[in-house]
Amino acid sequence: MDSSSQGSMQISTTPALLQLDQLLPLLSSSPYSSSTLSLLAALCTELKLVGPELERSDKDKLDTLQTLLTKICQDRDLDLVLRLQVLEVIELRTLGWKSNEGVDNYYKERFTQFEESRRKEQERKEAKAVRSRDAGVKKIRENQSGSKSSDQEQVDEKDKIFVTVNGVKLFISSTSQELSASAKKFLENHFSNQSMALPTSKMKYTRTDLLTLASSTMAKEAPLNWDKLAKTLPNFVLQKKRRKRGSGPSPNANQVGGGDSSQSLMSKQKISALPENLPIIRNFGM
């Protein structure tokens, strides 16, 4: 080999040698940076071309590199394709940097399989990202649609004419707005002036029953809705009530509900307790 050929060979090994000198300290400890792993992949490609020349000129560096590459092959956290490239370099050096068709075909097939797996995995990730994005967009649209529907319902309810009866909204619908307004006014007057009708009862009480009821603790409590019930009572009952609250006693002490006289009559009747079978109706309005 002449000098020109040797000079040309020396120049061709220079990039690989520079990469080797740069990588040896970086590969001495893990974890490895992404730039270090990229540089290692490039060195593996160079060593397949200039490995025999570096074996003659820098065998010690290649020995150190092979020790580090063996550890890298066993590191499961690293990319599988990179580990396969490193393994190929180790096996090629073991064979004296001589090409072998069987070995070459094996690594070609393995690289093809790994690249296909990587491509499919990337496609799955992209499809998942698209589905996630579409689901997010759909959810946003549904929320916006639901919000618009709720707002529209509130607007529609405000536009409707209704009358509130005992806390319940009674909506009025008509093709004529004037007729709806008149109906609303009529219903408001009707329900505001409507008096509470007392239900009729077939129960009858004796004088003794009434005196017994008057002595119970429940008789001293006002019935529910008393303000409305008082408006339906006969006038003589209301007048009796006013006289009782006035200065003079009741003109008829023997009348039912006459205060102390009732208690006196009860003592004469020797009524001590309420009979268990005596029905009690405290609230006629219920």
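In the predicted model, helices H3 (59-73) and H4 (residues 80-94) pack with their axes 10 Å apart and at an angle of about 140°. This angle makes H3 oblique to H4, a class left for angles that are not under 35 degrees (roughly parallel), over 145 (roughly antiparallel) or 65 to 115 (roughly perpendicular). Axes are lines fitted to C-alpha atoms, for helices over the stretch in contact, and angles run from 0 to 180 degrees between N-to-C directions. Helices are DSSP runs (H or I, at least four residues) numbered from the N terminus. The crossing of H3 and H4 is left-handed, that is, the near helix is turned anticlockwise from the far one by less than a right angle. On the H3 side the contact (heavy atoms within 4.5 Å) is made by Lys59, Leu62, Asp63, Gln66, Leu69, Thr70, Ile72 and Cys73, and on the H4 side by Arg83, Val86, Leu87, Val89, Ile90 and Arg93. These residues comprise eight nonpolar, two polar and four charged; Ala, Val, Leu, Ile, Met, Phe, Trp, Tyr, Cys and Pro count as nonpolar, Asp, Glu, Lys and Arg as charged, and the others, Gly among them, as polar.

Helix H4 also packs with H2 (residues 34-57), where the axes come within 10 Å and cross at roughly 10°. H2 is therefore roughly parallel to H4. The crossing of H2 and H4 is left-handed. From H2, Leu37, Leu40, Ala41, Cys44, Leu47, Lys48 and Glu55 meet Leu82, Gln85, Val86, Glu88, Val89, Leu92 and Arg93 of H4. Nine nonpolar, one polar and four charged residues form the contact of H2 with H4.

The structure holds one cavity of 30 Å³ or more, and the largest cavity contains about 60 Å³ of space. A cavity is a set of points, on a 1 Å grid over the protein atoms alone, where a 1.4 Å probe fits but cannot get out; lining residues have an atom within 4 Å of a point. Grid points are joined across faces, edges and corners, and the volume is the space filled by probe spheres set on the points. The lining of the largest cavity consists of Leu47, Leu62, Leu65, Gln66, Leu69, Val89, Ile90, Arg93 and Trp97. By class, the lining has seven nonpolar, one polar and one charged residues.

Residues are numbered from 1 along each chain as its sequence is written, and side-chain values use heavy atoms, with hydrogens and water left out. In this predicted model, local features need pLDDT of at least 70 and side-chain atom pairs count only at pLDDT 80 or more, while totals for chains, interfaces and linings use all residues.

Key
Helices (H or I, at least four residues) and strands (E, at least two) are DSSP runs, numbered from the N terminus. On a 1 Å grid over the protein atoms alone, a cavity is a set of points where a 1.4 Å probe fits but cannot get out, and a pocket is an open set with protein on both sides within 12 Å along at least five of seven lines; lining residues have an atom within 4 Å of a point.
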